[in-house]
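Here are my notes on the model you sent. They go sheet by sheet, then turn to the helix packing and to confidence.

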Amino acid sequence: MTQQVAQKSKRAIVAAVQLATVNDLEFDASLAELRQLAKTLGFAVVGTFTQKRAGFDKAAYFGTGKREELRLLREEHAADAILIDHEISPSQAFNLEKEVGCEVMDRTMVILEIFHRHARSRTARAQVEIARLGYMAPRLREAAKQAGPKDRARSGTGGRSGGESHGELDRRKIRDRITELQQELDTMDLGRKTQRARRQERQGLARVALVGYTNAGKSTLMRALTGSEALVADKLFATLDTTVRALHPETVPRVLVSDTVGFIKNLPHGLVASFKSTLDEALEASLLVHVVDASDPGFERQLTVTEEVLDEIGAKGVPRLLVFNKIDRAGDESGQREREAALRAQFPGCIVMSARREADIMKLHEAIAAFFQRDLVEAELFLPWAAQKMRGEVFATCKVLEERADAAGAFLRIRGEPEAVKRLYEQLREGTDDA
Ligand SMILES: Nc1nc2c(ncn2[C@@H]2O[C@H](COP(=O)(O)OP(=O)(O)OP(=O)(O)O)[C@@H](O)[C@H]2O)c(=O)[nH]1
Ligand SMILES: [Mg+2]
């Protein structure tokens, strides 16, 4: 799908320093991702600017000559913003803005901005705002320091503060606002008690969470697996809140699927913390379906990033099913076959698929169902005619493999979770005791 660019969309140049430790493939993939992030924010990307450097100094991200080159490039393209593919320090950003004469946003700022625009629920909005304010505070400090006593105003990255005292005022406002938001979140947390009760209802239920890098196809698979209307978009971070739906067609046991927020390289730290609650859903799952975009040349990096963040939020021990999606986009037919074979060899037990193919969706559906059925037990149940009212429950909680009837009642051969089968036996015993 082509991204719609509004008529007076802002023009941006993406720019980065390539350190000696970063190879070309990685570097290019990261820049391509920044371009995608820029588009998601509505920028038209008009240029790319790079420099190989051993490192950056405290004050300047690019070397001296390069900064002048960048200034000229910006003029040539009439760019409104320079987007830097690193998190840079407030003073680096400030100095660069002064030299190139336009707004400078770093990767963190770009991601925070996208999260800010896409957050829907009150919780998500409050959490994103806390992260943004945390990011802004040192930058305002820098702006105030740079402006000095002369009270020079600064344009650009959120810094509108004037002199020292003004800056202090802003900083106090930020602290107060963060406290306020935190209190708001705490109150909402009380509201979550009801949610928790609902969760308890779900406890013991089979839960699977779709996790993975942004744009890998999680929401598409969510829709296909559950017949729901999850938001699917060729944008980064289309999904910011967790949704939960039952696997469809329904299975025994019933499996609940949740869609989650996407991961990204250098996820701003404030966001890792604040989105932990969103990802908590993922931690409650007994199975994580890790979706990877197989058509992306940098998929291994995406895979590593996701695994790292999952470890970071404490999901290390949760079983994984690795799913390589979008195989239909991995070249021509023979290219796709080659990629598939290579993936299978490298990641035994993985699923290689396309969300566009019905048969592949069924394959994934089966694999998920099979995971939850591996602990199921088979049992024989005799339901006397007097206990027929239990039939509904038997069918709801177990899979009935066979049914025979005689004069006294019905024999059912069933398969279900040990707990469910035990419960049925108990009810049956109680029923007979009553009689
Ligand atoms: N060709 C192809 N495109 C796919 C496939 N799966 C998903 N897509 C497309 O990829 C884009 C992203 O899909 P989403 O399902 O929104 O991705 P996501 O992982 O939920 O992304 P975030 O919510 O941003 O983390 C959409 O344009 C989908 O139509 C696939 O198997 N093949
Ligand atoms: Mg999504």
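**Notes on the fold**

1. β5 (residues 206-212) and β7 (residues 255-259) run parallel and are joined by five bridges.

2. Next, β8 and β9. Six bridges link β8 (residues 287-293) with β9 (residues 320-325), and these strands are parallel. V291 sits opposite V323 of β9.

3. β9 and β10 (residues 351-352) pair in the parallel sense over two bridges. F324 is opposite V352 in β10.

4. Four strands form an open sheet in the order β2-β1-β3-β4, and the pairing is parallel. The edges are β2 (44-53) and β4 (103-106), each pairing on one side only. From one strand to the next, the twist averages 25°.

5. β1 (residues 11-19) runs parallel to β3 (residues 81-84), with four bridges between them. I13 stands opposite I82 of β3.

6. α3 lies across β3 and β4, at about 145° to β4. α4 also lies across β3 and β4, but runs at about 85° to β4.

7. How do α4 and α5 pack, and at what angle? α4 (residues 107-118) and α5 pack at about 155°, with axes 9 Å apart. The angle is over 145 degrees, so α4 is roughly antiparallel to α5. Their crossing is left-handed. On the α4 side the contact uses T108, M109, L112, F115 and H116; on the α5 side it uses V128, A131, R132 and Y135.

8. α3 meets α5 in another way. The axes of α3 (residues 90-100) and α5 (residues 122-147) come within 9 Å and cross at roughly 55°. The two helices are therefore oblique to each other. α3 passes α5 in a right-handed crossing. P90, S91 and F94 of α3 meet P138, R139, E142, A143 and Q146 of α5.

9. Finally, confidence. The chain has a mean pLDDT of 84, and 84% of its residues reach 70 or more. Among the elements, β10 has the highest mean pLDDT (98) and α9 (residues 276-284) the lowest (68).

10. Please flag one stretch. Over residues 151-164, pLDDT stays under 50. The model still has 35 contacts beyond four places in sequence for residues 151-164. Where pLDDT is low, predicted coordinates should not be read in detail.

Key:
Residues numbered from 1 in each chain as written. Chains lettered and ligands numbered in written order. Predicted model: local features only at pLDDT ≥ 70, side-chain atom pairs only at ≥ 80, totals over all residues. Pairing = 2+ DSSP bridges. pLDDT = per-residue confidence, 0-100. Contact = placed C-beta atoms within 7 Å. Axes fitted to C-alpha atoms, helices over the stretch in contact; angles between N-to-C directions. Parallel < 35°, antiparallel > 145°, perpendicular 65-115°, else oblique. Left-handed = near helix turned anticlockwise from the far one by under 90°.
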